[in-house]
Amino acid sequence: MQASATSSSVSHDLRLAVADLERVNPWVGLCRFAGIGVVFLTFVGLAWSTQNLVLFAVLSAIAGVPYAFWLICTHDTIHHTLTGWKWFDDLMPRLISYPMLWPYGTYAHLHRLHHAWNGIDLRDPERVQWTKAEYEQAKPWQQWYVRHQWSLDILGGSGFGLIAKTVRNGLRYSPQMPALRQALLTDWLGILAVQSVLMGVAIHQGQLGRYLLFWLVLERVIGAIAQLRDHIEHYGLWHTGKGHQLTQLYACRNLNTPTLVVWLMGGLNDHSMHHAFPNIPFNHLAAAFQRTQTVLQQHQLPALSRGDGYIKETLRLGAQPQLIDS
């Protein structure tokens, strides 16, 4: 009873400390979305304006970097914290996701399960870390995969791996969540329509081969960045604490990153804040982190730590495979 009361009082103080940070300024999110989109489209234009196939591939790869961060903006639209305009946050992510075969609507439903189950329920659809029991029962080739999971997922599975994982989980949980069935159907009808138009234009212009190369290069670059983010946010931190909010604070990784990377990632380097307070927009997560540290100190709870950035933490974690004890 005392532990429950303590958890309740901490959660109350945490919510009170950040209550004024939940207001969404649509123009901040719109500027981020539009700015990244303009950079992406600029490199797309440069790529398609050259006849040199090698330069075309290089420029396509460069275009994939802002496209990856453009797609990361769609994470904010799931929570309606990008612009707060429901029509925009529902429509635009689909328009930019479907060209890359990304089933946004399906992912949106699964992501809400992730927020409910992270650190609590091993059915979490975004869990990437295996348990000891799963590893011990796995076949030798699966155990080899677990030992090399980071490099295989980031460089091998990449975008195709994330798409397959999302569709598989969508089918897995659709019996319990009927809305997932509709989301899967809507996504793939939308993807089919968008790809039909794009490939139709490419065929009409006699550029099908270049379009397929362009798409594959984008898939590799975008998928690598997305897989890196997917792994680093929770790997090695599975933790069930006293209450949902405290669990989310300690079951997420926070990272020190340059200001530009913070902006591109939508503040997700402060991942504990996003999980504990999903209604706070990306531009207020850093402030929430500082206020949360103060509240935790007042309640004599461990401070939240920060890692050394996306690249360093990826190299460290990838070299030290870990399993969940549960």
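Predicted model: local features only at pLDDT ≥ 70, side-chain atom pairs only at ≥ 80, totals over all residues.
Trainee: Is Cys 73 buried or exposed, and what about Cys 252?

Mentor: Buried means under 20% relative accessible area; Cys 73 has 0% and therefore counts as buried, and Cys 252, with a relative accessible area of 5%, is buried as well.

Trainee: What makes Ser 272 a buried residue, and which residues does Ser 272 touch?

Mentor: Ser 272, in helix 13 (residues 271-276), has a relative accessible area of 0%, which is under the 20% cut-off, so Ser 272 is called buried. Leaving out residues up to four places away in sequence, Ser 272 touches Gln 248, Leu 249, Cys 252, Asn 254 and Leu 304.

Trainee: Why is Leu 55 called partly exposed?

Mentor: Leu 55, which has its place in helix 3 (residues 53-78), has a relative accessible area of 40%, and because that value falls between the 20% and 50% limits, the term is partly exposed. Together with Val 54, Val 58 and Ile 62, Leu 55 makes a nonpolar surface patch of about 330 Å².

Trainee: Which residues touch the most other members of the largest nonpolar core?

Mentor: Of its 41 residues, these are Phe 33, Phe 40, Tyr 67, Trp 70, Leu 218 and Ile 222. Helix 2 (26-49), helix 3, helix 4 (86-97), helix 8 (149-173), helix 10 (208-232) and helix 15 (310-318) are the elements that give two or more residues to this core. Phe 40, for its part, is in contact with Ala 63, Pro 66, Tyr 67, Trp 70 and Leu 218, once neighbours within four places in sequence are set aside.

Trainee: Where does Pro 125 lie, and why is Pro 125 called buried?

Mentor: Pro 125 is found in the loop between helix 5 (104-117) and helix 6 (132-137), and at 5% relative accessibility, under the limit of 20%, Pro 125 therefore counts as buried. Apart from residues up to four places away in sequence, Pro 125 touches Leu 110, Leu 113, His 114, Trp 117, Lys 165, Asn 169 and Tyr 173.

Trainee: Why does Trp 188 count as partly exposed?

Mentor: Trp 188, in helix 9 (residues 178-204), has 32% relative accessibility, and because this lies between 20% and 50%, Trp 188 counts as partly exposed. The contacts of Trp 188, not counting residues up to four places away in sequence, are Leu 101, Pro 103, Ile 163 and Val 167. The C-alpha atoms of Trp 188 and Leu 101 are separated by 8.1 Å, although these residues are 87 apart along the chain.

Trainee: How many salt bridges does the structure hold, and what makes Asp 20 and Arg 291 one of them?

Mentor: The structure holds twelve salt bridges. For a salt bridge, a side-chain nitrogen of Lys or Arg must be within 4 Å of a carboxyl oxygen of Asp or Glu, so Asp 20 and Arg 291, with their closest N and O atoms 2.5 Å apart, meet the condition. The pair links distant parts of the chain, with Asp 20 in the loop between helix 1 (2-18) and helix 2, and Arg 291 in helix 14 (residues 285-298), 271 residues apart.

Trainee: What makes Asp 20 exposed and Arg 291 partly exposed?

Mentor: Asp 20 has a relative accessible area of 51%, which is over 50%, so the word is exposed, whereas Arg 291, at 30%, falls between the limits and therefore counts as partly exposed.

Trainee: How do you know that Arg 32 and Asp 76 form a salt bridge?

Mentor: Their closest N and O atoms are 3.4 Å apart, and the cut-off is 4 Å, so the pair qualifies. Arg 32 is in helix 2 and Asp 76 in helix 3, 44 residues apart, and both residues are buried.

How values were computed:
Residues numbered from 1 in each chain as written. Heavy atoms only, no water. Buried < 20%, exposed > 50% of the residue type's maximum accessible area, 1.4 Å probe, protein only. Patch = residues over 30% accessible without salt bridge, like charges linked within 9 Å, V, L, I, M, F, W, Y side chains within 5 Å. Areas by Shrake-Rupley, 256 points an atom, 1.4 Å probe, with all protein chains shown as cover. Helix = DSSP H or I, 4+ residues; strand = E, 2+ residues; numbered from the N terminus. Core = buried A, V, L, I, M, F, W, Y, C linked by side-chain atoms within 4.5 Å. Contact = heavy atoms within 4.5 Å.
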